[in-house]
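Subject: A structure for you to look at

Hello,

Here is the structure I promised to pass on. Please open it first, and then read my notes below.

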Amino acid sequence: MLPINETVRDLKPSGIRKYFDLANSMEGVISLGVGEPDFATPWHICEAAADSFKDGKTHYTANRGTLELRELICQYYQENFGVQYNPVNEALVTVGGSEGVDLCFRTLLNPGDEVIVLDPNYVAYEPAILMAGGKPVYITLTQENDFKLLPEDLKAAITPKTKAIMLNYPSNPTGGTMSKEDYAKLVPVFKESGIYIISDEIYAELTFDGQFCTPASFDEIKDQVIIINGFSKAFAMTGWRLGFLLCNAELSKQMTKVHQFIIMSAPTAAQIAAVQALKEGRHDILEMRKEYERRRNLICSRLNAVGLKTNIPKGTFYVFPDITSTGLTSDEFCMQLLEKKKIAVVPGTAFGVHGEGHIRISYATSYNNIKIACERIAEFVSELKEKEEAK
Ligand code: PMP
């Protein structure tokens, strides 16, 4: 066989998959590994899609998505996050936030362009940058700074080759957030450098403490910002594969070209479901958020009580405790916890080298499962301590 593309060949499979596959091959495992809501999509949203089939709405839509959906998306951003976009030429409906990530890099990058990525970060960014011919450059985030991006680190990472920075707040895997005041410190650096700011806001609705802030809300840099968002997390719609991009008209036009040739248009039934979600789904978001917050409070207090130092995340459904007190590496911790206690979590290293010393725990599972899992984690940690003391 002739050789395939070298970048694709050299991509490492996601470090999350390995644990899923292992957990699935064992009986009785409680998984705190998954990155998707455990709630089913609210029924009124499903019904809207089902009705559309009866009405014969089974064709392509406009490449950008239906105008009705784009109008609702823009209205939603205006009402909830205070930023204005034109539904006609600044909004593009995508196949999940995932397509949005890919479109950004394909559209922006020339070979060798640098993209600043925060470490730890979501697993799909680095492969997307590499496949588009770019070069990821990392800024290390720390638990002491609550995993926030600091202006001095941003300044130091920017070079003449920097094309963009990839942000994701609230963050997968750390749960970290950035407030308006935090962003205000970065704005002069963004403005001066002129780099694109790609802001993955997929967890915006899962902000528990304080207000979600998008960097696009700063007028002086709004044109540099590309917002990635979608319906997966806020509305428990992962399987519908629907997201969107908001950015200035010229960039949006260029991204729409790529989208047109690789996707044509996002699934029609999913777009109809999303219209229903935006029209009538506000209370669903609020209810789910309340439940996630209850789980977060439980898991954080239990983990800190057993000596796994855990910042209380202000958003997402992940916690990112420090496990260094156990003397194990992230991978050892996860493997032993799975084998001995049948609890699946993900090593921090799946999200970048600076995830070492941490594990990612998802609380997108029932309150009861979290209780049991915390008890088993407590047993696991105290057995490790006893072993250490007996040495
Ligand atoms: N960004 C982040 C940070 C995510 O965690 C995920 C899903 N795990 C996505 C993007 C992709 O979401 P989707 O394609 O389902 O919209």
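Which residues point one way from S7, and which the other way? Val225, Ile227 and Asn229 point one way, Ile226, Ile228 and Gly230 point the other, and all of them are buried. Buried here means under 20% relative accessible area, with exposed over 50% and partly exposed in between (1.4 Å probe, protein chains only).

Before going on, please note that this is a predicted model, in which local features need pLDDT of at least 70 and side-chain atom pairs count only at pLDDT 80 or more, while totals for chains, interfaces and linings use all residues. Residues are numbered from 1 along each chain as its sequence is written, and side-chain values use heavy atoms, with hydrogens and water left out.

**The strand S7**

Helices (H or I, at least four residues) and strands (E, at least two) are DSSP runs, numbered from the N terminus.

Two strands pair if DSSP finds at least two bridges between them. S7 pairs with S6 (residues 196-200) in the parallel sense, over 4 bridges, and Asp200 has Ile228 as its bridge partner in S7. With S8 (residues 243-246), S7 pairs in the antiparallel sense over 4 bridges; there Asn229 stands opposite Phe244.

**The two pockets**

A pocket is an open set of points on a 1 Å grid over the protein atoms alone, where a 1.4 Å probe fits, with protein on both sides within 12 Å along at least five of seven lines; lining residues have an atom within 4 Å of a point.

The largest pocket is lined by 28 residues, with Lys12, Pro13, Ser14, Val123 and Ala350 nearest its centre. Helices H2 (15-24), H5 (96-108) and H6 (125-131) each give two or more residues to that lining, and H6 gives the most, with 5. Domain 1 (6-41 + 283-384) and domain 2 (43-280) both contribute to the lining, so the largest pocket lies between them. The domain bounds come from an automatic or database domain assignment.

The second largest pocket has 25 lining residues, and Gly35, Ser98, Tyr122, Asn172 and Lys233 are the closest to its centre. H2 and H5 each supply at least two residues of this lining. Domain 1 and domain 2 both give residues here too, so the second largest pocket also lies between them.

Best wishes
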